[in-house]
Amino acid sequence: MTLYQPFLDYAIPLLKARLDLAAYPIPAGFERKEALTGKGKKEQLVVTTSHAFKSSKLRQIRAAHVEGGDALQVLNFVIFPQLNYDLPFFGADLVTLPGGHLIALDMQPLFHDAAYQKQYSEPILPIFNNYQKELPWGGDFPDEAKPFFSPAFLWTRPKETETVQTTVFEAFKDYLQAYLDLVEQAQPVTDSQRLGEILEAQRRYIDYRAAKDPARGMFTRFYGEEWTEEYIHGFLFDLERHIPEVQQSV
Ligand code: DBV
């Protein structure tokens, strides 16, 4: 089973159609990684594949796709805007583990003031409200993560796989299309103070996610610590590695 491949098969052509998409380099060793886990009848191949693009307004568009049988499917898909746009991040964490499905979808804000919410969260609220009934709030999540979510944070734990294939897939499509609408409308920021605030907010978010990546344990078990730390800092949340060149282009 590959639960989340259809999500990628939808997203990548859509990105190509709606953006001036270009390749984003994936460091050697991260395009595809395999490991055998379990013993005997429980032996299971776990394959992680990476995808990455960029566009004139988006610094990095990247996906990590983990496929390890019916009880282990993950698609983590994040879009990091260029540092001269105050766009939110697009964040999708679609996770299937032995304990069930866990879905997080959001336009993760850089700022929390009323003007920012009006520009970047309000347009998404009708979509969020549309799915709230079928995809109810998923309950507790880490307090320290709360500053990184918007009022349109869709956080849910569907009981049925079919719900992931239907309702969650529709929500993913709507969120991604709405995000690309925001990208289309976005104008570059030129004010140097605002540029400084954007850099600081991007760093706060990315440093948090690299430090607290909930997949760290899983990746370390499969592929070892060295590979995992380099994957997190050198690909999944790589802004710090690219600050000089990124600032030059602003
Ligand atoms: N999460 C990632 C990356 C993943 C990934 C890069 C490539 O950021 C997968 C893989 N997320 C992943 C896995 C789990 C979660 C859980 C494997 C399950 C971990 C486990 O149970 O062992 C949203 N993802 C979660 C959880 C949340 C999110 C809240 C539950 C974690 C918990 O209960 O501790 N998405 C996640 C998050 C932010 C976000 C915290 C913060 C900004 O965008």
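Biologist: Which pocket is the space taken by the ligand?

Modeller: The ligand takes up the space of the largest pocket. The model is predicted, so local features need pLDDT of at least 70 and side-chain atom pairs count only at pLDDT 80 or more, while totals for chains, interfaces and linings use all residues. Residues are numbered from 1 along each chain as its sequence is written, and side-chain values use heavy atoms, with hydrogens and water left out.

A pocket is found on a 1 Å grid over the protein atoms alone, as an open set of points with protein on both sides within 12 Å along at least five of seven lines; a cavity is a set of points where a 1.4 Å probe fits but cannot get out, and lining residues have an atom within 4 Å of a point. A molecule sits in either one if more than half of its atoms lie within 2 Å of its grid points.

The ligand has 23 residues around it, and Asn76, Asp93, Gln108, Arg209 and Asp213 come nearest; a residue counts as near if one of its heavy atoms lies within 4 Å. By class, this shell holds 18 nonpolar, 2 polar and 3 charged residues. Here Ala, Val, Leu, Ile, Met, Phe, Trp, Tyr, Cys and Pro count as nonpolar, Asp, Glu, Lys and Arg as charged, and the others, Gly among them, as polar. At least two shell residues each come from β5 (73–81), β6 (89–97), β7 (100–108), α5 (192–212) and α6 (216–223). Helices (H or I, at least four residues) and strands (E, at least two) are DSSP runs numbered from the N terminus.

The largest pocket holds about 730 Å³ of space; a volume is the space filled by probe spheres set on grid points, which are joined across faces, edges and corners. It is lined by 37 residues, and Asp93, Leu102, Arg209, Lys212 and Pro214 are the closest to its centre. Two or more lining residues each come from β4 (58–67), β5, β6, β7, α5 and α6. The lining divides into 25 nonpolar, 3 polar and 9 charged residues.

The second largest pocket has a volume of about 250 Å³. Its lining has 13 residues, with Ala71, Leu72, Pro98, Arg221 and Phe222 nearest the centre. β3 (44–54) and α6 each give two or more of these residues, and α6 gives the most, with 3. The classes here are 7 nonpolar, 4 polar and 2 charged.
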